[in-house]
Amino acid sequence: MSLRRTSSLDVFYRGLTIGVLSVGLGWLGGCSNADKTAEAGGKPDQSDQLAAAVEAEAAAPAKPFDLTLPAPPSIEPEQIQPRAGAALQRAAMTLDQVVAGLTPPDYLQTAGPPQPETDPEADPAEPPAAALKAYVLGRTAFREGNRWEAITQLEQARRLDPNAPEILRLLGSIYFSYGNEVKGAQRLTEAVRLDREDGQSLFLLGRFAFKKSDWDEAIYTLARSAEFDGDQLDPAIEYLRPYYLGQALLQRGYDAAAVESLTRYLSLPENFTRISTLVRELALLDRQRGRVHMQTGDALCRLGLFDRALEYFHAASGDELIEASELTPRRVYCLLAMHRPRAAQQTLIDQLRDAGESSASLELAPYVADHIDNRKQFVKLLRDLYEQTDRPSSLILATAQLAEPAEAQRLLTDHLAARPRDMVVYRRLVDRLVEKNRDKLAALMVKLVSDQPREAADYVAEVLKRDNIDTAALLKQVDALPSNQRDTAAAWYVRGALHEREGKIEIAASDYDKAASLDRGFLTPQVATIDLQIRLGRFDKALELLDKVENPDDPDIRFTRARVLGEKEDLDGSLKIIEDLLQQDPRNIRYRLFKSQLQIAAKDFDEAERTLWSVLDIDPTNEPTYTLLFDLYENNPRTDNTQWIRLMKQVQHEIPASRIARLKMAEWYAANRQYDRAEQNLRDLLRENPGDVLALRTIVQLFNETDRLGEAETLLNETLEQRPDDLAPLILLEQIAIKQGTLDQFYPRKEAYYLRQKESAEQQMALADLYFRWDKKDKAVEALEKALAMKPDLEPKRRMSLAVLYRQLEQYDKAQQQIDLALKAGPEKPADLYYIKALIYHSMDKPDLGEKALLNALKADPDHAPSNNDLGYLWGDEGRNLEQALTMTQKAVASEPENGAYLDSLGWVLYKLGRFEDSRRRLEEARTKPQGNDPVILDHLGDALWRANQKPRALQLWNDALNLARQADPKQRPETVELIDSLSGKVSAAGANREPAIAPVPGEKPPDPTK
C-alpha cells in the first residue's frame, strides 16, 4: 500500500548516522545580554562575560553529540534520552513501514454490505424512493438543528436501504457530533464496509480508536484515511488527522513517524474558510500547539537529533501554557549534549531570574555543575550575579545547592538577615538545619520571630509541619538560649507552639499568655490562644479573649473574630466583619476566600460562586480558588455542566501545570474512558508528590472502575512502604479489603500503624474503634480506659466520640457518664450531646428517657436536624403531636434535602396525617436518595401505594423490603426483627387477595386481617 506523504524526511533520517552535525543556533534565548551593566563595586559584569562566551562557543566547530548524557533530574530518562538497539530501529521507522506492519481492522478486511435488519413495521414492498425521502427529511432536520428528528428519519432510511453508504455516513456523523460515538462508530463501520474510499468516515473511526487507546487501529485507519482527501472533505481533517496520528505513533514508540505527522499538524493555518464541528475541535486542539512542539522535541531527542529538538523547544517557549520549568531542563540537556556548556549555564540563569525558586530550575544547578569542566567557576558566576543584581532568592538558593554545607548555611543565613520575610529561603535553610545542624534551629526561630513578629506563625509553622521534628529537643534548645533571648516574648511564643504540637494545650495557652504579657503589641500569641479555644469548641471563651485585646481594630484580630462568629454559626455577623475588612482591603484574597466559605455554609451557592470568580479576577493563578470552585460545582446539584466546563478551560489556560489542573484533566480523561492517559497523569502527580491524597484516591478509583483491584492494592502497598506513617493509603487499602472480603488480613496492618504512632489519648481512641470493628471488644475497652487515663480532661467533642464507642460496646453506663461530663463542661453545642444521649437510651430500651433527651436537644437548638427528625418520626409513628411532628420533619428535610431517612420521616408523618398522595411523593423521593433502598422506607412506601390502590407495586415493594430485612444484621438493625414479621404478614395477605395489615392512621379502624 502506498500512502501519500511528504518526502522531506530524506535528510532527516540521514541525521541518525551522521556523527557531526552543523550547529547554527544564534537564536538561543538569553544568549546575548550585552546590554547589561555592572551594578556592584566595579566588578566586571558577569552577564557580559557569559554572553561573550556563549557567542564564542556557538562559533566554534561542532562536535559529535553526546548520546550518553543522563537526563535532568526533573525529567524521566525515557522521555528524552536517545534510544538504542531495537527501540531505536522502531523509533526510526517511516510511517509507510509502520503501517505495513499493522493488521487492518475488521471493517477494512471484510467486504460486502451488512445484512438488513428486519423491521416489523416496514412494508417490504415499499420502493427505494421512500428511503430517499427519509434521507432528505433527515438531512434537512439535521441542518435545522432538529437532532432527534434527523436520527429518526435517517434510521428509517437505513432500514429501507441498508446498502446506501451516504445514509450511514451522515447518520454516523450525526451520532458523533452529538457525543454518541459508540453508535456513530457502528454506523460508520457499516459505511466503510460499503465504501472503502470514504476518507471522512475513516478519519472519524481512527479518532474513535484513538480515544479508546487502541493505538494500532488508530494509526492504521488514520493513515489510510489520508489516501482519500477530496474536495468535499472537511478542511479541519487535514490537521486533525496528523495530530491524532502523531499522538498514537508516540504512544507506540514510532518517534520519526510521529515527528513527521506532528510537524504537519503544526503547519495549521490561522483561519479556515468555513466553520464546522471539526474546525471548532481543531480550535480547541490549537491550544496544545506548545505542548506538541515540546513532544516533537522530545521525540527528536530520543532520535539523537538535539539540534533539531532545540528548535522545537524554542518554539514551545513562546506558548504561555507551557511552563518554563518544563522547557528549561530540556534546552539545557540539548545544549550540554551538543557540548555548549556556556549556553546551558546562560539558559539556566535566565530561568532562575524569570521563574524564581521552582524545584525544576533549582535541581538544574547541580546537574549543570556536574556536566561542565569548571564547577567552582560556575559557583562563582552565580554568586557574582546574585550580588550584581537585586539579590533574588533563586540565585542564592542555586548557589547554596553547590556550596559546601557550612558555606551554604552562611549564604542562606546572610540572605535572611537582609530579607527576613523571604519564606522560600527560610524553608531551604530549615531543611538544611534539620538535616545537618538541628541544634541551631530553635535559635533561628526565636531570632526571626523577634525580628518579624507578624510573620511569627509562618516561621514556626514551617518547622512544625515536618513529621520528623523532635519538639522536646527544640524546647530544650529554647531553654538553653542566653537569658536576653530565653525570656523574650518571641521565645515564649515558640515554646507555646512547641507545647501545642505536643498536645499540651493548657501549657501552650500559658506560654502564649506569657508572650502576650511581655509584649502587648505582639498579636500572634494572642491569636494563637484564641485559635486554641476555637479548636476546643469554646467559642464564647474565644470571644471573651478577643474583647480583651488592646488593639481590637487590627485586621488580624477582626478576621479572627469573624472566624469565631462563623464557628458559632452567626453567619450574618461574621459576613459583616468580612465585608468591612474588604472595604479597607478589597484585593485581599484570604478575606474573599473566607467570605465564600460563609456563603457556602449559608447555602448561598450563587453568591459563593461570584465571590470565588472575583478572586480569579484578582489572581487568575490562585490554585486554592480553583479547588473550591470545583468542589462547589461538583457538590451542588443545581450546577450547570457548562459552568464546570468553563472552569476547566480557565484552569487549563491559566495554570495548566498546576496540581488541580492536572488532577481534573485526569478525571476528565477517566470520565471519557481514556484510562491510559488518566493513569499517566495521576502517576506523574504521585511521582512528584507521593502524599497527594486526591491523586491517590482518584487512581485507586480508576483501577476499581477498570476491575484492576490487584494493581490498586500493589500501588497502595508500594506507597505504604515509602510512607509507612501515611494514613490515607491505609484507608484506601481498607476499602479494597472490604470489597475483597479480606478485612481480617488487613486489620493487623492497621493495628501496627496505630501502635507505631506516638502514644496519646487520640491514638488509643483510634485503636478502640479499630478493635471494636475487629470484634475484639476486650481490647477496645482496654484502649478506651487508657485514653481516659492519659487525658482525663477531654474536651466535649472527644467525650462524645468516647460515648459513641462505649454505646457500640454496649457499656451504656459509661457512655452516659461521658455525655454527662461533657454537658457539665458547658459545651457550645449541647444539642449534639443530648442527641447521643437519646441514642444511648434507645439502645437501653428506655424510650421515655430517650424522648426527654431529644426534647432537651431541641430546647438547646430548635433547628437541630437529627433531633427534629427522630422525635418527629417517633411522634408520627405513634400518631401523636402530628402537627408538631410535621414541622419537625420539615425542618430536618430543609436542613438536609438529600437525606433519604429524613424524607422517609416526613413522608411517614404525612401518611399518619392522612395525606396519602403527599406521603407517597415524599417516600418515592426518599427511595431515590443515597441509601434509599432501605427495608423501612420500602415498607412505608408499600403502605402508601396500597392506599393509592397501586396494589401490585405495593406487594412488590413489600417483597423487596422483606428480602432486605432478612439480609440485615439484627445486632446492627434490631428493628428488622419485628419488621420481618410485619412484612411477611402483608406479603402473605396481599398474595392471597386479603386485606394486609397496613399501618393505620389516628382515628381509623384497623383492617380485619381475616377478610
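Modeller: Gladly. Keep in mind that the model is predicted.

Biologist: Start with Cys334. Is Cys334 buried or exposed?

Modeller: The relative accessible area of Cys334 is 0%. Buried means under 20%. Cys334 is therefore buried.

Biologist: What is the relative accessible area of Cys301?

Modeller: Cys301 is the partner whose sulfur lies 3.6 Å from that of Cys334. Cys301 is buried, with a relative accessible area of 0%.

Biologist: How many disulfides does a search of the whole structure find?

Modeller: Cys301 and Cys334 do not supply one, because their sulfurs are too far apart for a bond. The search of the whole structure gives a count of 0.

Biologist: Now the helix pair. How are α55 and α56 oriented to each other?

Modeller: α55 covers residues 951-967 and α56 covers residues 975-991. Their axes come within 9 Å and cross at roughly 150 degrees. Angles over 145 count as roughly antiparallel. So the two helices, α55 and α56, are roughly antiparallel.

Biologist: Which class do 10 residues of the contact between α55 and α56 belong to?

Modeller: α55 contributes residues including Leu955, Trp958 and Leu962, and α56 contributes residues including Leu979, Ile980 and Val987. The contact also has 4 polar and 2 charged residues. The class with 10 residues is nonpolar.

Biologist: What is the handedness of the crossing of α55 and α56?

Modeller: The axes of α55 and α56 cross at roughly 150 degrees. α55 passes α56 in a crossing that is left-handed.

Biologist: Turn to Gln452. Is Gln452 buried or exposed?

Modeller: Gln452 sits in the loop between α24 (441-451) and α25 (456-464). Beyond its neighbours within four places in sequence, Gln452 contacts Pro420, Arg421 and Tyr459. Its relative accessibility is 17%, and the cut-off is under 20%. Gln452 therefore counts as buried.

Biologist: Last, Leu694. Which residues does Leu694 contact, leaving aside neighbours within four places in sequence?

Modeller: Leu694 lies in helix α40, residues 693-705. Leu694 is partly exposed, at 34% relative accessible area. The C-alpha atoms of Leu694 and Arg659 are 10.0 Å apart, and the two residues are 35 residues apart along the chain. The contacts of Leu694 are Arg659 and Leu663.

Terms used: Residues numbered from 1 in each chain as written. Predicted model: local features only at pLDDT ≥ 70, side-chain atom pairs only at ≥ 80, totals over all residues. Heavy atoms only, no water. Helix = DSSP H or I, 4+ residues; strand = E, 2+ residues; numbered from the N terminus. Buried < 20%, exposed > 50% of the residue type's maximum accessible area, 1.4 Å probe, protein only. Contact = heavy atoms within 4.5 Å. Disulfide = S-S within 2.5 Å. Axes fitted to C-alpha atoms, helices over the stretch in contact; angles between N-to-C directions. Parallel < 35°, antiparallel > 145°, perpendicular 65-115°, else oblique. Left-handed = near helix turned anticlockwise from the far one by under 90°. Nonpolar A, V, L, I, M, F, W, Y, C, P; charged D, E, K, R; others polar.
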